[in-house]
Amino acid sequence: MATVIDGKNVAASVIQTVKSATTALEKSRGVTAGLAVVIVGDDPASHAYVGSKGRMAKECGFKSVQHTLPAETRQEELAALVATLNADPSIHGILVQLPLPKPLDSEPIIQSILPEKDVDGLSIANAGKLAIGDLKTGLVSCTPAGAMVFVRRTHGEDLSGLNAVVIGRSNLFGKPMAQLLLNANATVTIAHSRTKNLSEVCRNADILVAAVGRPEMVRADWVKPGATVIDVGINRVAAPERGEGKTRLVGDVAFEEVSAVAGTITPVPGGVGPMTIAMLMANTVIAAHRAAEQTPPQF
């Protein structure tokens, strides 16, 4: 049976490093890391997510600021707020919670965040830095950064000689994940819905990362024995065994059967999920160290 990665434990160790780095920066330079979160409208899921980010930021010792704007906020008002936060030296990370309510256009807002404060790692500048292998000045999107922590803790820093397959080519996850694996010297294949013989492609992978949003698509016979399987999917499916109308969360990997083949696997829930907020905190403390011209911590 595969070793199951406990995402909560790994995330807790990342947060411990963040806390230590936050304290060290305050002592050495008198700088408190600052994170500003902007939320527009009243979507309950977004508010729950923003609340958890704010609580974690405070736990890490950050200056935590939340701007809650009404759903009818105009594009230029939101842009003006981001400009104000860009100019505020006490704020090192800016996060605009997505999706924005219509008719707001998120893309120009995201791209207006200064790259050095773009702790979500979504700006074209940060995507470009990742593409050329610049991990020293860029900020990496939180979910792939978190998945990469699992890979490094399983295989070490250098992935030379290992084949990695990423199923999914999204700008949010698939592409940055592939770049991170490539930067670590893995031989990388990006597979997607148009890939022929997908199961065959996956069977070559020493590291298989699934991020397509199709419940339990990856089966046991897709997986090379002993492979590391990172499941990024979060899908809600019917669970009649729990009662009428009940649902449960599953990943893109058929966990039970793949666990019998893989060497290491992440569960859903409790795998990659907890790492996303942890890496947001990591990006914020990295940004604060860079702004203070200090060497940032490694994660």
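Guide: Let's start with Pro-144, which counts as buried because its relative accessibility is 0%. Buried here means under 20% relative accessible area, exposed means over 50%, and partly exposed is in between, with a 1.4 Å probe and protein chains only. Before going on, the ground rules: this is a predicted model, in which local features need pLDDT of at least 70 and side-chain atom pairs count only at pLDDT 80 or more, while totals for chains, interfaces and linings use all residues. Residues are numbered from 1 along each chain as its sequence is written, and side-chain values use heavy atoms, with hydrogens and water left out.

Pro-144 sits in helix H6, residues 142-155. Helices (H or I, at least four residues) and strands (E, at least two) are DSSP runs, numbered from the N terminus. Leaving aside residues up to four places away in sequence, Pro-144 touches Leu-172, Phe-173, Pro-176, Met-177 and Leu-180; contact means heavy atoms within 4.5 Å. There's also a C-alpha separation of 9.8 Å between Pro-144 and Leu-181, which lie 37 residues apart along the chain.

Now zoom out to H6 itself. Its 14 residues should span 20 Å at 1.5 Å a residue, and the end C-alpha atoms are 20 Å apart, so the two agree.

Helix H1 (residues 7-29) and helix H10 (residues 273-291) have axes 9 Å apart, at an angle of about 20°. Axes are lines fitted to C-alpha atoms, for helices over the stretch in contact, and angles run from 0 to 180 degrees between N-to-C directions. H1 and H10 are therefore roughly parallel; that label covers angles under 35 degrees, with over 145 roughly antiparallel, 65 to 115 roughly perpendicular and the rest oblique. Their crossing is left-handed, the term for a near helix turned anticlockwise from the far one by less than a right angle, with clockwise giving right-handed. On the H1 side the contact includes Val-14, Ile-15 and Val-18, and on the H10 side it includes Ala-278, Ala-282 and Val-285. By class, this contact has 15 nonpolar, three polar and one charged residues. Nonpolar takes in Ala, Val, Leu, Ile, Met, Phe, Trp, Tyr, Cys and Pro; charged takes in Asp, Glu, Lys and Arg; the others, Gly among them, are polar.

H10 has another partner in helix H2 (residues 44-59): their axes come within 10 Å and cross at roughly 50°. H2 and H10 are therefore oblique to each other, and this crossing is right-handed. Tyr-49, Ser-52, Lys-53, Met-56 and Ala-57 of H2 meet Thr-276, Ile-277, Leu-280 and Met-281 of H10. Here the contact residues divide into six nonpolar, two polar and one charged.

His-92 lies in the loop between helix H3 (75-86) and strand E4 (93-96), and is buried, with a relative accessible area of 6%. Among the residues that His-92 touches, not counting those up to four places away in sequence, are Val-31, Glu-116, Lys-117, Thr-284 and Ala-288.

Last, some backbone details. Most residues other than glycine have a negative phi, and most peptide bonds are trans. The Leu-98 to Pro-99 bond is cis, with omega near 0°, and Pro-99 is in the loop between E4 and helix H4 (106-112). The Val-268 to Pro-269 bond is cis too, with omega near -5°; Pro-269 is in the loop between strand E11 (264-265) and H10. Asn-185 has a positive phi near 80° and lies in the loop between H7 and strand E6 (187-191). Asn-185 is partly exposed, at 43% relative accessible area.

Conventions:
The expected span of a helix is 1.5 Å times one less than its number of residues.
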